[in-house]
Structure formats: structure tokens, C-alpha cells
Amino acid sequence: MELLTIGAFARACGLSPKALRLYAELGLVTPAVVDERTGYRHYRRDQLEHALLVAWLRRIGMPLARIRVVTGLSRPAAAREVAAFWREVEADVAARRPLASFLVDHLTGKGPDMTDTPRPLVLRCAARTDRGLVRPLNQDAALAGERVLAVADGFGPSGERASSLAVETLVDGPPATGDVLGALRVATDRAEASVRLLTADEPEPGSGTTLTALAWSGSELALVHIGDSRAYLLRDGELTRLTHDHTLVQAMVDEGRLSAAEAESHPQATRLVRALHGSADPAASRPDSLLQQARAGDRYLLSTDGLHRVLPDDVLRAVLVEVADPEAALDELVRRVHAAGAPDNVCCALADVVAA
């Protein structure tokens, strides 16, 4: 039996030795022989076809967990699985196209409605929070203030108070002029300190809250986000998600270990890796932030996962496009969640951007 060294096998199949070591740990490409004394790995030549398949599947972006499934199938079944995966990729690319367009406008500052002198804007706002049909308590909180829009989703024994504290800290909002993003970050730091103080005396730490907040000054909009609540922008009929979920499964998707479709049904889909809580790790309470120029006609939706885990993006977009009044739009979203069973608390806030 001819054996190839790991270096020769790597060159033959196009995978690096580092990748081969990882795939051996995951059971995807197992060495034929491992020297007990040196740990050096050797492979059979007839393993090349299998390793090449793994390499090709990685090149099209297939997550490792799904590759494990595909390589265990018959050739016809594997072909059907690859075709299904590629349909998902194409759908995902189409869904992300509005975000790419938004980022081009955001980074160039030259959207079609922008001028060299930003126009002052007024926002018409509304907020809703609802217990849902299953949970005994409502741990969500919402705010639609003069210059701040926010939603928070509490968790743990003190979750209801944690979410309320987070949004109450933002009530005064940033000043009407000046560094709106800096002011929102400072307010978020105060919210984090309030939640930390609340949870300090808990016998079993585990309470906290997500927070997604939008603040504005003139034509500038600042966004701060931590957790799995979300912010969406409806612009020119296209719905774009502005936030990235801070969850374990989203991290696995980012690493290529899960597909987006697999993440939706994962048993730990709601496990957070970042939130406002009493963690000793500063990174676990660090929010994302964004500053952009708003346009008249923009519509912003903030939601906790009790809304967006029940209603898919196409339904959110349809309601936001079809129902003009902010209050009525939120009522319709909550109604549709109830029609789908409302398994969690529902919280949403909406802001329409109008030229002053």
C-alpha cells in the first residue's frame, strides 16, 4: 500500500497541511496511518478523491458541518445536496444585495438624495411591546423618544428590570447638535453600568439584556447594538438589516461551520455571546456602532427576536411598504406575530424620516 506524506498529500489535493490537520480532527479526512512516536501523518493515494471533494466543497463556501453530511452520501444524493446548497447561496446573495448598495452609499456619502449640505430631518416614531401568547412575563422594553428609538430584550431572573433600565437610561437622549454617536455610546455605557449593578447581587448570575438603539441629530443617525435584537432600514423599497446577531450560531455561520439555514433550526439559536450583563469580560459587553446620513423617506425598524424570528424578512418588508402610518404598521406586525403563535415577547419600534 503506497502511503503519501502529509506534505505530498496536501500538494496533490490542494489542501494545506494545516487544513488537513483540522479536517482530521473533525473526521472529514482521516489519515491512514499516524506514527505513534512522532505523530506524523500518512495518507493512502485512494483518499485523494475524497480530499479533493472536501476541497471543492470548501471552495464554494459550504460549511464544514454540511460537508460532513455530503461526503457520507451516495454520488446522486450528494449532487442533490450540492444543488440545494447552491440555491441557498444564490438566495443569500440576492438578500444581501441591498446591504451592499447601502454600504456603497454610506461609504461614499453620495446617495441619490444627498446634497453637500445635509438637510435637517424630523422623525415620526412609534413603539410597541407585547407579552405574546406563551411567555408568562414580558421581559422586552421599547422607547420612542424625541431623539432616541430603542428596543431591549431581557433574560434571566432580572431580565424584565434589566431591559427597562437599559431603555430608561437612554430617555434623555443625545444633544440636538454635536457628536450624536459619541453621546449614544456614553448613554449605552451608562445603561451597561446600570445593568451590571442590578445583576451584581444575584445568587446565580445570568441576567442581562440586549439593546439596539437609534439616535439622531439633524440629518445624522447613530446606531448602537448588542445582542440579537435587530435594526432594519427600508430605503427605496429595499429592506436591509443593519445589525449583526451576537449569538453562538451566528459566530458558527461566520466561521463556515453552519449555513444560515442550519442556524435557524439550531438548538442553541438564541444563545448570546454578547449582551449587557455582569460579565467580567469587557468584550462580552462591547456594542457595535454605526453613523450614517439619513434620507427623507427612510424607514427604520428595531425589533427583538420575538418579532424577526417569527416573521421572515419578506413579510417585514411587505408590511413596512404597504402600511404608511408607523402606529398602524407596528400594530399589523404584532397582529401577524400573534397569528403565527407569538411564542416569545414581541417588541418593535419604528421611525420614519421626514424632511423638516
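Among contacts in the protein chain between residues at least 6 apart in sequence, 68% join residues at least 24 apart; contact here means heavy atoms within 4.5 Å. This is a predicted model, in which local features need pLDDT of at least 70 and side-chain atom pairs count only at pLDDT 80 or more, while totals for chains, interfaces and linings use all residues. Residues are numbered from 1 along each chain as its sequence is written, and side-chain values use heavy atoms, with hydrogens and water left out.

Now the chain as a whole. The protein chain has 12 helices and 15 strands. Those are DSSP runs numbered from the N terminus, with helices being H or I of at least four residues and strands being E of at least two. The C-alpha trace spans about 80 × 55 × 40 Å along its principal axes. Of the 356 residues, 45% count as buried. Buried means under 20% relative accessible area, exposed means over 50%, and partly exposed is in between, with a 1.4 Å probe and protein chains only. The chain exposes about 17700 Å², and carbon and sulfur atoms supply 53% of that area. The areas come from the Shrake-Rupley method with a 1.4 Å probe, and for residues only the protein chains shown count as cover.

Next, the largest pocket. Its volume is about 1600 Å³. Of the 47 residues that line this pocket, Asp92, Arg241, Gln250, Ala260 and Glu264 are the closest to its centre. On a 1 Å grid over the protein atoms alone, a pocket is an open set of points where a 1.4 Å probe fits, with protein on both sides within 12 Å along at least five of seven lines; a lining residue has an atom within 4 Å of a point. The volume is the space filled by probe spheres set on the points, and grid points are joined across faces, edges and corners.

Which helix gives the largest share of the lining? Helix 5 does, with 11 residues. Elements that each supply at least two lining residues include helix 5 (75-108), strand 11 (238-241), helix 8 (248-254) and helix 11 (313-322). By class, the lining has 22 nonpolar, 10 polar and 15 charged residues. Nonpolar covers Ala, Val, Leu, Ile, Met, Phe, Trp, Tyr, Cys and Pro; charged covers Asp, Glu, Lys and Arg; the others, Gly among them, are polar.

Staying with helix 11, arginine 317 sits in it and is partly exposed, at 35% relative accessible area. Leaving aside neighbours within four places in sequence, arginine 317 is in contact with Leu234, Gly237 and Leu239. Its C-alpha atom is 51 Å from that of aspartate 46, 271 residues away along the chain.

Serine 74 is partly exposed, with a relative accessible area of 44%.

On to helix 6. Its buried residues are Gly159, Ala162, Ser163, Leu165, Ala166 and Val167. They pack against strand 5 (140-144), strand 6, helix 7 (180-199), strand 7 (208-209), strand 8 (211-217) and strand 12. Serine 158 is in the loop between strand 6 (148-155) and helix 6 (159-168). Is serine 158 buried or exposed? Serine 158 is buried, because its relative accessible area is 18%. Not counting residues up to four places away in sequence, serine 158 touches Leu198, Glu202 and Ser207.

Two loop residues have a positive phi without being glycine. Aspartate 236 has phi near 55°, and alanine 342 has phi near 40°. Aspartate 236 is in the loop between strand 10 (230-235) and strand 11, and counts as exposed at 62% relative accessibility. Alanine 342 is in the loop between helix 12 (326-339) and strand 15 (346-355), and is buried at 1%.

Another alanine, alanine 280, belongs to the loop between strand 12 (276-277) and strand 13 (288-293). Alanine 280 is exposed, with a relative accessible area of 78%. Its C-alpha atom is 9.8 Å from that of arginine 196, 84 residues away along the chain.

Last, the cysteines. How many disulfides does a search of the whole structure find? The search finds 0, a disulfide being a pair of cysteine sulfur atoms within 2.5 Å. For cysteine 125, the nearest cysteine sulfur is that of cysteine 348, 13 Å away. Cysteine 125 is partly exposed at 23% relative accessible area, whereas cysteine 13 counts as buried at 4%.
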